[in-house]
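Good morning, everyone, and thank you for making the time.

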Amino acid sequence: MDNPSKDRDPQVPREISRSDFPVGRAAFFGMIAAGIGAIAVAPSLSGKVNRAAALAVPESVSDAVSGGGWRIYNVAPPMPTFSPATYALEIGGLVERPTTLTWPEVAATPGDEQVSDFHCVTGWSVYDVAWEGLRPKAIVTMVKPRPNARYVTFFSLEAPYVDQITLDQFLLDDVLLARTMDGRPLKRVHGSPLRVIIPQMYGYKGVKWLSGIRFDAEPGLGFWEQRGYDVNAWVGRSNGIDA
Amino acid sequence: MTSTPGWAGPTALMPEPGQNARIHRFSGAERTLHWLLAVTFFIMLGTGLALFVPRLADVMARPVAKEWHVNAALALAAGVVALFAAHWHRLRATMRDLDRFDRDDARWLFGWSRLWRRTPAPAQGRFNAGQKLNSALIGGLMMIMFITGGLLLLGERNTRYRFAGTVIVHNWVTWILIALVIGHLYMAMIHSPTRHAMRGIVVGDVDRDWARRHHEKWVDADTAERPATSTPESALPK
């Protein structure tokens with residue numbers, strides 16, 4: 001083959017040429033600008049992108065990779081391991097009948113089902129999660145809070161995680177002590193055997209690996225609230241996020 | 001393609017094919033930058049997946065994974081700054097090589113018909129147009145990761161920096177980077193016409209014949225500019 005550059009003038013430095021364009025820096029800065037812009041539009045695009053990805057990627061693969069969109073947080077590793085033989089749910093504080101339920105007793109308590117969205121304060125959401133578990137009303141009927149009980153504090157097998165909501169919030173229609181998720185017993189990463197689900201609040205209020213419920217007269221700060229997070233973690237109306 | 005006996009000047013020194021003459025492709029600064037990025041990238045990828053994928057949540061304690069993730073990012077940032085400070089001229093020249101696209105690069109990028117016509121690709125410089133574009137995109141995407149990662153960290157401390165889209169963009173860019181890196185690894189380790197390039201980023205030089213096939217304009221320019229020094233003395237014919 002002929003050498004195509006034999007008539008090239010070696011005196012011309014190769015960097016300087018009228019036919020050169022700074023495409024690289026345009027792509028670099030354009031990408032950065034697109035990324036910053038994407039922060040603004042990502043929340044509204046995320047659902048569409050996930051649905052498009054769901055069409056392209058088999059569910060088994062996407063579940064294995066992304067776990068259905070869940071991200072797992074724990075504050076005192078390793079995660080607690082549920083043992084049906086030793087598990088106990090202590091319910092006490094300002095109540096007429098303090099109660100400790102074994103796992104067979106929790107499992108035998110009549111429950112309720114719901115499908116709700118789960119929102120994390122860091123920005124991710126999982127939509128249409130099917131939960132089954134105990135309604136707060138069942139707990140309240142069981143232990144009978146005293147009239148001065150105004151707060152409900154949740155304790156976790158993962159000490160020192162703790163959180164608290166008001167009794168009124170506890171009795172919202174869609175609050176659940178979930179024991180199954182999407183039709184299967186709660187997995188360890190999701191807080192087996194029992195976790196609090198409060199769809200109208202961010203996930204940090206939903207204590208996992210639930211080990212105790214205490215009815216209180218005075219407010220107290222939960223694990224993340226001690227670190228500056230809002231006590232009333234309403235989705236879209238708290239923690240600096242405006243819907 | 002063969003060497004061109006009879007071409008005047010420097011090419012008289014060109015060895016015959018098979019004589020393994022080498023041409024210097026990557027300086028120490030460039031190689032250090034590349035491997036710093038490679039090592040920190042895979043630390044961030046591994047720890048990031050441990051933070052992200054529920055099935056991997058138990059592999060590594062979350063605070064440990066997070067610490068490694070953040071420290072790898074800081075090490076990369078500090079290393080990039082230090083390398084550019086110490087080797088400004090060399091790396092600025094690299095940036096210029098990557099930044100500038102000429103008409104051959106445009107033909108290289110858009111000349112898809114050569115895939116079925118089997119015509120040769122337009123002659124390329126030290127980096128082909130795809131490599132230039134890839135480096136610009138990887139660089140831009142890494143900056144997005146740095147910005148969104150920084151916002152996630154700041155958002156843990158101050159709600160003013162907390163945006164619903166931050167973590168979503170951080171995730172999207174992760175998948176894009178994984179795709180780009182898989183392509184990069186395929187070209188560097190599996191695809192036989194291109195995998196010789198790995199030698200360049202490991203030891204610095206590549207076979208001149210290979211370079212002439214893939215980066216013809218660069219070899220020509222190198223030959224014209226530095227005829228006596230571009231080829232190691234030991235590789236020159238007697």
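Before anything else, let me say what I mean by a buried residue, namely one with 20 or more other C-beta atoms within 10 Å of its own. What we are looking at is a predicted model, and in chain A, which has 243 residues, buried residues make up 36%. Chain A has 5 helices and 13 strands, and of its contacts with a separation of 6 or more, 64% are between residues 24 or more positions apart.

Let us turn to the largest nonpolar core, which has 41 residues, and in which Leu177(A), Ala178(A), Val196(A), Ile197(A) and Leu210(A) touch the most other members. Among the elements of chain A that give two or more residues to this core are strand E5 (125-134), helix H4 (136-143) and strand E8 (176-181), and the largest share, 4 residues, comes from E8(A). If we leave aside residues up to four places away in sequence, Val196(A) touches Phe154(A), Leu177(A), Gly206(A), Val207(A) and Leu210(A). Apart from this core lies another, of 26 residues, including Phe28(A), Phe127(B), Ile168(B) and Leu177(B).

Now to chain B, where the axes of helix H6 (residues 129-157) and helix H7 (residues 166-189) come within 9 Å and cross at roughly 150 degrees. Angles over 145 degrees count as roughly antiparallel, and therefore H6(B) and H7(B) are roughly antiparallel to each other. The crossing in which H6(B) passes H7(B) is left-handed. Among the residues making the contact are Leu141(B) of H6(B) and Val173(B) of H7(B), and by class the contact has 13 nonpolar, 7 polar and no charged residues.

Notes
Residues numbered from 1 in each chain as written. Chains lettered and ligands numbered in written order. Predicted model: local features only at pLDDT ≥ 70, side-chain atom pairs only at ≥ 80, totals over all residues. Core = buried A, V, L, I, M, F, W, Y, C linked by C-beta atoms within 7 Å. Buried ≥ 20, exposed ≤ 12 C-beta atoms within 10 Å, placed from the backbone. Contact = placed C-beta atoms within 7 Å. Axes fitted to C-alpha atoms, helices over the stretch in contact; angles between N-to-C directions. Parallel < 35°, antiparallel > 145°, perpendicular 65-115°, else oblique. Left-handed = near helix turned anticlockwise from the far one by under 90°. Nonpolar A, V, L, I, M, F, W, Y, C, P; charged D, E, K, R; others polar.
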